[in-house]
Amino acid sequence: TALAGVVASALQRRGVAPARAAFAAQAGLAVLGHALDLWFATAARPLDHCLAEAFEELDLFVAPAGGS
């Protein structure tokens, strides 16, 4: 997306390698999108709680098997 490109460019200007910047931008926007989905579905919850939950869910995918 265009926003991912803008974020990746900003990261590159801060010294992040292009491929890593693109990956971080896309991952960050995916987490934000998921958090917004949670927030819209449960309007009584604060957005920061939804963001925390989204990052926790991401951790489930990137944590090594066995929890170590």
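Modeller: From the N terminus on, the elements of this protein run α-α-α. The model is predicted, so local features need pLDDT of at least 70, side-chain atom pairs count only at pLDDT 80 or more, and totals for chains, interfaces and linings use all residues. Residues are numbered from 1 along each chain as its sequence is written, and side-chain values use heavy atoms, with hydrogens and water left out.

Biologist: What makes a stretch of chain a helix or a strand here?

Modeller: The protein has 3 helices and 0 strands. Helix H2 covers residues 18–41 and includes Ala 25. Helix H3 covers residues 47–62 and holds Glu 56.

Biologist: Why is Ala 25 called buried?

Modeller: Buried means under 20% relative accessible area, exposed means over 50%, and partly exposed lies in between (1.4 Å probe, protein chains only). Ala 25 has 2%, so it counts as buried. Across the protein, buried residues make up 15% of the 68 residues.

Biologist: Which residues is Ala 25 in contact with, leaving aside neighbours within four places in sequence?

Modeller: They are Ala 4, Val 7, Ala 8 and Leu 11. Contact means heavy atoms within 4.5 Å. Ala 25 and Thr 1 are 24 residues apart along the chain, with 9.9 Å between their C-alpha atoms.

Biologist: What makes Glu 56 exposed?

Modeller: Its relative accessible area is 52%, so Glu 56 counts as exposed. From Glu 56 to Val 31 is 25 residues in sequence and 9.8 Å in space, C-alpha to C-alpha.

Biologist: How many aromatic pairs does a search of the whole structure find?

Modeller: The search finds 1. Trp 39 and Phe 40 form that pair, and it is tilted.

Biologist: Why is the pair of Trp 39 and Phe 40 called tilted?

Modeller: Rings of Phe, Tyr and Trp (its six-membered ring) pair if their centres lie within 6.5 Å; planes under 30 degrees apart are stacked, over 60 edge-to-face, and the rest tilted. Here the centres are 5.6 Å apart and the planes 35° apart, so the pair is tilted. Trp 39 is partly exposed at 30% relative accessible area. Phe 40 has 61%, so it counts as exposed.

Biologist: How does the radius of gyration of the protein compare with that of a compact globule of 68 residues?

Modeller: The radius is taken over C-alpha atoms, and the globule rule is 2.2 Å times the number of residues to the power 0.38. The rule gives near 11 Å, but the protein has 14 Å. Its C-alpha atoms fill a box of roughly 35 × 35 × 15 Å along the principal axes.

Note on methods
Helix = DSSP H or I, 4+ residues; strand = E, 2+ residues; numbered from the N terminus.
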